[in-house]
Amino acid sequence: MLLVDSLYINVGGGKILLDYLVKEIEARQMDVFYLFDLRCKNDFKQVPNDRKVYLKASFFNRYQFYKRNKNNFTKILCFGNIPPPCEINNSIVYTYFHNVLMFNKRNEYSIALKLKVFLRNKLFRFLKKFSNIWIVQSSLVKEKVVSYLNISADDCFVYPFFDLSEKNITAKKKENTYLYVSSGASHKNLNRLLDAWLLVYQKGYNPELHLTIPQYEIELINKINFLVEKGINIVNHGFIEKSKLSILYTESEYLLYPSLFESFGLPLLEAVGHGCKVIAADLEYTYEVIEPSYTFNPLVIQSISDAVIFSLNNKLNVTTPKIKNEIDALIKMLN
């Protein structure tokens, strides 16, 4: 029996991928048991109760689960970046890693947060010995994982997967509409984007920008409200469910993507699937997954602004994907 351990996944791109993975596994009627985050207790109703358990996400709860059940599985997929909390002798352990931020030192962190990150990374390096195989979403991430963990490249496989099966690319786009699907995390670069949008406005343009910033990001929400009060065309939808997000993609002419770090950048592919043209950061992660319609320097506000104004005055090429969905190869490895 395969264990899919997703205890630390409950929101964002990781949750979207988890939903798709579970759907595909269940369609194949595999012998699988799932460990889910308690915050997902209303999800995965297609999985019978005797093949799943929901726990509050914590190291202790996860350790207790493995101690009780470690002899019940022949294969284990740790989907939330972290290998098992103890040695599993009779199973092959796969760890699907998609947290490239772990490799980046952030000078703006407080001392307390730096200490927390340091301890987390020490624990991660200790637990790495409990994983046999590592799976990542791009060759760029593979290079970082192999180097950071000092593991053999032969033990790390690139299997990106994504669901573009229900996208509508024929719907009519709203002209001069821009979308950025992201949380309010600092690496998402929203402060520079908002400053760039102000600059676009000051140069005589007022295109429509749609955001998905959670309401608890108070500083960003206040900044958005300040710009809206000036007459700048920004709509923040907050956290948005998948079906409504699909509508946003369908209606938007462009995806604007200024993120500074990404393990995969799932919105880049979702945007392509919905027929959006992508204007993205001129960074490695972008070119791993798509051939963008236009790029900019995400560290320079003027560059972001210039890219938007260029797109308003010129016809951009269609964005094309550069990777394929490897869901079948991934499940074949796990089966």
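**Aromatic rings, pair by pair**

Author: Tyr20, Phe79, Tyr96 and Phe161 form one aromatic cluster. This is a predicted model, where local features need pLDDT of at least 70, side-chain atom pairs count only at pLDDT 80 or more, and totals for chains, interfaces and linings use all residues. Residues are numbered from 1 along each chain as its sequence is written, and side-chain values use heavy atoms, with hydrogens and water left out.

Reader: What makes phenylalanine 157 and tyrosine 159 a stacked pair?

Author: Rings of Phe, Tyr and Trp (its six-membered ring) pair if their centres lie within 6.5 Å; planes under 30 degrees apart count as stacked, over 60 as edge-to-face and the rest as tilted. Here we have 6.1 Å centre to centre and 20° between the planes, so stacked it is. The structure holds 20 aromatic pairs.

Reader: Why is the pair of tyrosine 257 and tyrosine 285 called edge-to-face?

Author: Their ring centres are 6.3 Å apart and the planes sit at 70°, so that label applies.

Reader: How do you know that tyrosine 257 is buried?

Author: Buried means under 20% relative accessible area, exposed over 50%, partly exposed in between (1.4 Å probe, protein chains only). Tyrosine 257 has 1%, so it's buried. Tyrosine 285 counts as buried too, at 5%.

Reader: And why does phenylalanine 157 count as partly exposed?

Author: Because its relative accessibility is 29%, which falls between those two cut-offs.

Reader: What makes arginine 125 sit over the ring of tyrosine 148?

Author: The rule wants NZ of Lys or CZ of Arg within 6 Å of the ring centre and within 35 degrees of the ring normal. The charged end of arginine 125 is 4.1 Å from the centre of that tyrosine 148 ring.
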